[in-house]
Amino acid sequence: MPGGCSWGPAAGDGRLRLARLALVLLGWVSSSSLPSSASSSTSSASFPASAASAQPPLPGGCPQPCECSEAARTVKCVNRNLTEVPADLPHYVRNLFLTGNQLAVLPAGAFARRPPLAELAALNLSGSRLEEVRAGAFEHLPGLRQLDLSHNPLAELSPFAFSGGNASVAAPSPLVELILNHIVPPADPAEWQNRSFEGMVAAALRAGQALRGLRRLELASNHLLYLPRDLLAQLPGLRHLDLRNNSLVSLTYMSFLNLTHLESLHLEDNALKVLHNGTLAELQSLPHVRVFLDNNPWVCDCHMADMVTWLKETEVVQGKARLTCAFPEKMRSRVLLELHSSDLDCDPLLPPSLQTSYVFLGIVLALIGAIFLLVLYLNRKGIKKWMHNIRDACRDHMEGYHYRYEINADPRLTNLSSNSDV
């Protein structure tokens with residue numbers, strides 16, 4: 001037993017030393033493996049980054065000359081002298097500004113992308129020197145709601161610009177607002193020759209009922225002289241129509257009957273002289289309309305009586321107390337609502353249309369007289385000879401009458417003539 005007791009402590013010490021040795025070895029192995037694993041993880045992390053930098057930019061990137069905000073879903077390519085629409089527009093864009101560029105022509109499919117720009121709702125192309133918008137230019141923008149083409153020298157606006165190449169089979173345009181303010185004429189007058197801005201816009205608005213969902217139409221500051229009869233025929237949902245700062249003289253041939261949803265009609269700063277009964281009745285029949293008529297040269301004569309009566313009774317015209325007379329001189333600055341029937345008289349002179357007709361007739365007669373005098377002057381010798389012949393003939397004829405009178409007056413010559421006869 002003593003021998004067994006002596007072996008017990010020595011064996012325990014040996015096991016303790018072995019355990020400590022194992023712990024030291026384990027720590028050394030773990031410390032040597034950590035740097036290698038860290039380096040391997042770092043290299044594995046750097047490889048995807050370098051690979052990603054070598055790949056082409058994703059569709060959600062921003063074109064080089066533009067400024068993008070993904071949070072606001074807005075892309076601005078303003079005053080960059082772009083000659084075409086950027087091809088790498090991000091798919092998230094909702095508001096696109098392409099103002100102040102050199103686009104010149106907007107071809108068909110100008111915004112066709114893969115994937116399509118389905119989120120694009122507001123497109124501003126104002127002041128980009130656009131001269132031509134071709135058919136189907138906005139065909140691949142299914143979410144487009146607002147389009148601004150203002151301040152461009154548009155010489156050619158295709159009738160199918162908003163409806164695609166074939167309006168009969170294309171889906172209606174999603175446009176809700178169309179802004180065509182201040183369309184300046186081209187620098188070359190030859191490009192504007194034989195073209196009418198009024199007719200060009202009317203053709204685009206009525207082509208295939210593509211814009212029947214339009215709610216706002218702005219045509220301000222375009223020097224419009226008249227409105228085509230069917231300009232608004234295919235826009236039954238129109239709510240806001242802006243025609244201010246043009247040169248409209250009359251609305252006689254314009255119909256508003258189908259615009260039952262019209263809420264505002266801006267006619268300020270035109271050349272309107274009077275609104276006739278047909279136009280007054282149409283405006284009064286629209287249930288929600290508000291009409292703005294400020295700064296027009298109203299002619300306060302007998303033709304204004306019906307309009308003055310209508311203004312006093314209607315609530316359609318906004319700010320009607322500001323409307324004043326511009327002509328004739330004695331009525332200048334008189335408020336229309338304060339006029340009475342006795343104030344509205346027509347001068348006994350001819351109306352301006354007849355005065356113009358008679359002036360033209362006088363000019364024609366003066367030309368005819370001048371031509372007649374020229375013919376007489378060129379034939380003056382022949383006319384003088386003819387006048388002399390007539391004078392001689394008249395003189396011979398008068399001398400014969402005088403000879404007969406002398407014979408009849410002297411009785412001796414009478415007896416002599418009778419005896420000679422016997």
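Modeller: A strand here is a DSSP run of at least two residues in state E, and strands are numbered from the N terminus. With that in hand, and keeping in mind that this is a predicted model, let us look at Leu120, which has its place in the loop between strand S4 (105-106) and strand S5. Is Leu120 buried or exposed? Buried means under 20% relative accessible area, and Leu120, at 0% relative accessibility, therefore counts as buried. Leaving aside residues up to four places away in sequence, Leu120 touches Val93, Arg94, Asn95 and Leu96, and also Leu141, Gly143 and Leu144. For one of these, Leu144, the separation from Leu120 is 24 residues in sequence, while the two C-alpha atoms are 5.7 Å apart in space. That pair can be set beside a figure for the whole chain, where residues 24 or more positions apart account for 66% of the contacts with a separation of 6 or more.

The loop that holds Leu120 leads on to S5, which covers residues 122-124 and pairs in the parallel sense with strand S7, residues 146-148, over 3 bridges. Within this pairing, Asn124 has Asp148 of S7 as its bridge partner. Both S5 and S7 belong to an open sheet of 11 strands with mixed pairing, whose order runs S1-S2-S3-S5-S7-S9-S10-S11-S12-S13-S15. At its edges are strand S1 (67-69) and strand S15 (317-318), each of which pairs on one side only. The chain as a whole has 8 helices and 16 strands, and 33% of its 422 residues count as buried.

For a contrast with the buried Leu120, consider Ile383, which is found in helix H7. Its relative accessibility is 31%, so Ile383 counts as partly exposed.

How values were computed:
Residues are numbered from 1 along each chain as its sequence is written. This is a predicted model: local features need pLDDT of at least 70, side-chain atom pairs count only at pLDDT 80 or more; totals for chains, interfaces and linings use all residues. Side-chain values use heavy atoms; hydrogens and water are left out. Helices (H or I, at least four residues) and strands (E, at least two) are DSSP runs, numbered from the N terminus. Buried means under 20% relative accessible area, exposed over 50%, partly exposed in between (1.4 Å probe, protein chains only). Contact means heavy atoms within 4.5 Å. Two strands pair if DSSP finds at least two bridges between them.
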